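Please examine the sequence and the model shown below. The report that follows describes the surface and the secondary structure.

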Amino acid sequence: MKRKIVITLILVSTFLAACGTSAPTTEATPIPTVEAGDIIIAEGSWSRSNSLKFP
């Protein structure tokens, strides 16, 4: 009998905790646009001869 009361209380409290609060609404924050300058930072090309070599 005591076990049924404890299980019922746990189930009711779990249900109230899950359904009792509303989910917070979040607003989408805009992502700032990144603008590239006129300066070329690096140039290069990749080929098999330029690959990494380990000792």
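The chain exposes about 6,400 Å², of which carbon and sulfur atoms supply 64%; accessible areas come from the Shrake-Rupley method with a 1.4 Å probe, and for residues only the protein chains shown count as cover. Of the 55 residues of the chain, 0% count as buried, a term for under 20% relative accessible area, with exposed over 50% and partly exposed in between.

This is a predicted model, in which local features need pLDDT of at least 70 and side-chain atom pairs count only at pLDDT 80 or more, while totals for chains, interfaces and linings use all residues. Residues are numbered from 1 along each chain as its sequence is written, and side-chain values use heavy atoms, with hydrogens and water left out.

The secondary structure comprises 1 helix and 0 strands (DSSP runs of H or I with at least four residues, and of E with at least two, numbered from the N terminus).

| Residue | Relative accessible area | Class |
|---|---|---|
| L9 | 57% | exposed |
| T14 | 48% | partly exposed |

L9 is found in helix α1, residues 2-19, and T14 also has its place in α1. A polar atom of the T14 side chain lies 2.7 Å from the backbone oxygen of I10.

Methods
Buried means under 20% relative accessible area, exposed over 50%, partly exposed in between (1.4 Å probe, protein chains only). A polar contact is a pair of N or O atoms within 3.5 Å; within protein, one must be able to donate a hydrogen and the other to accept it, and residues adjacent in sequence count only if both atoms are side-chain atoms.
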